[in-house]
Structure formats: C-alpha cells, structure tokens
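Thanks for asking me to look this one over. Please have the model open while you read my notes.

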Amino acid sequence: MGSSNRPDSVRVPEVNGQTQVLAVFGYPVEHSLSPTIHNASIAFLGLNYIYIPFSVKPDHLDSAIRIINPLGIRGINLTVPHKERAIACLDWISPEAKAVGAVNTIHPVDGELRGYNTDGEGFLRSLKDTGLSLKGSRVLVLGAGGASRSVVYRLVKEGARVTIANRTVERAEELALRISRILDSDKIDCVRFQDVGKITELMEAAELVVNTTTLGMHPDMDSMPPIPPESFHSGMLAYDLIYNPYETRFLRCAGEAGAKTMNGLEMLIQQGAAAFQIWTQREPSVEAMREAAKRKMSVP
Ligand code: ATR
C-alpha cells in the first residue's frame, strides 16, 4: 500500500538490523496494554527498540524463557499466568520479587536472567501525587491474591498499618504472616469479608482502601467487594487496581460518598516505567505512556 493511503496517526517504526527487542509473555496476551505504553515511550525517546507481545502457553514458559538469551532479547515482562512459575527459571531474583513470590520483569545481563517485580514500585509511584503520607496511615486492603501481595509488601515497607480483608480469611492470614516475617513487622492484621461490623469500623478509620480483588472487572461490571457503601467517606482515598472498566462500581460508590478515587491505570503505567528503566537505563516518558494508554482505552 502506498504511504499516501496511510492515516496520519499511524506511525510505522523503522525496524532494522540494530533494533533491540523487548517483549511481554502472557496467556492470553491480546488485551495487554504493555506494548502500547512501551512503544509510546520508545517512540517519544527516539530509541531503536520495539516491544512485542508473545502469546506463551503455560506449558511453553520454560522454553520461552530459555530462548531469551539466544535471541538477544533485551527485556521481558511477564503477565498472567506466568509471574509465579517464572521464578524457578531465573538466575537471580530481587529481594522484593522473592518476598512477593512473583516476577513481572526479566532483565538479561551478561548471559544471566535477573527477575524483578515492579508492581509494588508502580503502586507506590502512583500514589505520589495524591498527597497521601503512608507512614503511620491506616490502610484496608481488599483481597489476598497475587496483586495484593505486591501492594501489602510496599505499604508495610513504607510504614503503613495494614488490614487485609478477604473472603477466604486463611489466605489473608497466610499473606500477613509471610510479609510480617520478611519485613519483621507487627503492623498487619486480617479480617474476613463476612465480618461487616469490623469492616465498617476499619473503613471509618482508613485513609486508604485498596481493592485488589477481581470483583468489578470487565465483564463482571455489576460486582464490587462487599463493603457497605455508606462506609466510604471524604477523608479517604479509594483505590481500585482495576482499570477496565475505567470507573468500577467500587469507585463510583466511593466517589458518591465524597471519597477521592483512583483506578489502576497509573499503577500499570508506573510499573511499566520502572521496568523500562531497568532494561534501557533511560528515564521513560511517563506522559507519553499515559497518553497512549488512554487513547487505546478511549478515555478522555
Ligand atoms: P490476582 O493474582 O489478580 O490477585 P487471584 O490470586 O485469583 O488474582 O486473587 C483474586 C482475589 O479476588 C482473591 O482475594 C479472591 O478471594 P479468595 O482468596 O477468597 O478467593 C478475590 N475474589 C475473587 N472472586 C471473589 C468473589 N466472588 N468474592 C469475594 N472475593 C473474590
């Protein structure tokens, strides 16, 4: 097709013999926003890199990781369902990735594969402009899965007092024990979702409530974590790690009660920015990443 038929907004990157490859392994990977945000930063900085999605089935993860070095791939992101399994395939794991039991970033250095987890860093950076001071703050974290681990680890490390609420309280207890031991902290408690009285009390005292569960995620948009809607208040920030939909029912309820709200898009961008820095030693354009993600999601 001649270039005169190409819409102005489509930028075809030049790929040549020196182009460096970055990639994400996931299954499914089709809806990942990572190629969008990383290629936006690459284009903004004018780097000769390209970021590609690879649909890697769980059974193929080990062989996919083994081929990173032979192919000279410069950096890899891992997404669902590979973050935990990958640990056994790497040569070195950062203390934070070890603590949360998951890797989302692989950096090949001198033939060695190093594993990091930038989710917690992304979460922390996303809070920077909110004015919230975590040290000594009271935080309620909803959910005790993989996403919760990264968030709880960073919150406790920053000196917050955290309660983990979960449907399966044993899972919350296991997580609390794990992080308490690693960080030598006595600042983590647990509660079951079914204990509405205690949850209401914790909500009233909380400066931050974070939803790490999948409740409310597309296509399950009518769901929300079992929080009494009247317990949101104007003195808190309600943070949902979900970004699709852009405003979950949880955030809508929180906003109606006067709470400040934040969705998971900024954390996604900031964890990507942290990975980009590890791979390229360059400061990414967070603004270009944010703009591209919003354009892709058709949000203003
Ligand atoms: P992720 O890795 O994205 O955090 P996960 O490990 O599957 O995903 O964790 C999902 C979280 O959502 C868990 O806290 C889960 O609660 P359980 O530990 O009790 O399973 C929570 N969750 C998912 N569906 C739920 C539901 N219908 N009601 C309450 N909690 C739910």
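1. A word on the basis. This is a predicted model, where local features need pLDDT of at least 70 and side-chain atom pairs count only at pLDDT 80 or more, while totals for chains, interfaces and linings use all residues. Residues are numbered from 1 along each chain as its sequence is written, and side-chain values use heavy atoms, with hydrogens and water left out.

2. Overall form. The protein has 11 helices and 12 strands, both taken as DSSP runs numbered from the N terminus (helices: H or I, at least four residues; strands: E, at least two). Its radius of gyration, 20 Å, is close to the 19 Å that the globule rule gives for 300 residues, so the protein is as compact as a globular protein of that length. That radius is taken over C-alpha atoms, and the globule rule is 2.2 Å times the number of residues to the power 0.38. The C-alpha trace spans about 65 × 45 × 35 Å along its principal axes.

3. Domains. Domain 1 covers 3–117 + 272–297 and domain 2 covers 121–263; such bounds come from an automatic or database domain assignment. Their centres, taken over C-alpha atoms, are 28 Å apart. Domain 1 brings 13 residues to the contact and domain 2 brings 11 residues, with contact meaning heavy atoms within 4.5 Å.

4. Buried area. Between them, the two domains bury about 1,000 Å², 50% of it on carbon and sulfur atoms. Buried area here is the accessible area (1.4 Å probe) that two parts lose on being put together, summed over both. On the domain 1 side, Glu-96, Ala-99 and Val-100 lose the most area to domain 2, together 47% of what that side buries.

5. Polar links and the domain 1 side. How many residue pairs are in polar contact across the interface of domain 1 and domain 2? The rule finds 5, with both residues at pLDDT 80 or more. A polar contact is a pair of N or O atoms within 3.5 Å; within protein, one must be able to donate a hydrogen and the other to accept it, and residues adjacent in sequence count only if both atoms are side-chain atoms. Helix H4 (95–100) and helix H10 (265–280) are the elements giving two or more residues to the side of domain 1 that touches domain 2, and H4 gives the most, with 4 residues.

6. Salt bridges. The whole structure holds 12 salt bridges, and 2 salt bridges cross the interface of domain 1 and domain 2. The rule asks for a side-chain nitrogen of Lys or Arg within 4 Å of a carboxyl oxygen of Asp or Glu. Glu-96 and Arg-154 form such a pair, at 2.9 Å from N to O. Glu-96 lies in helix H4 and Arg-154 in helix H6 (residues 146–157), so the pair ties together parts that are 58 residues apart in sequence.

7. Backbone details to look at. The peptide bond from Tyr-27 to Pro-28 is cis, with omega near 5 degrees, and Pro-28 sits in the loop between strand E1 (20–26) and helix H1 (34–45). Val-80 and Pro-81 are also joined by a cis peptide bond, with omega about 5 degrees; Pro-81 is in the loop between strand E3 (75–78) and strand E4 (92–93). Asp-110, although not a glycine, has a positive phi of about 50 degrees.
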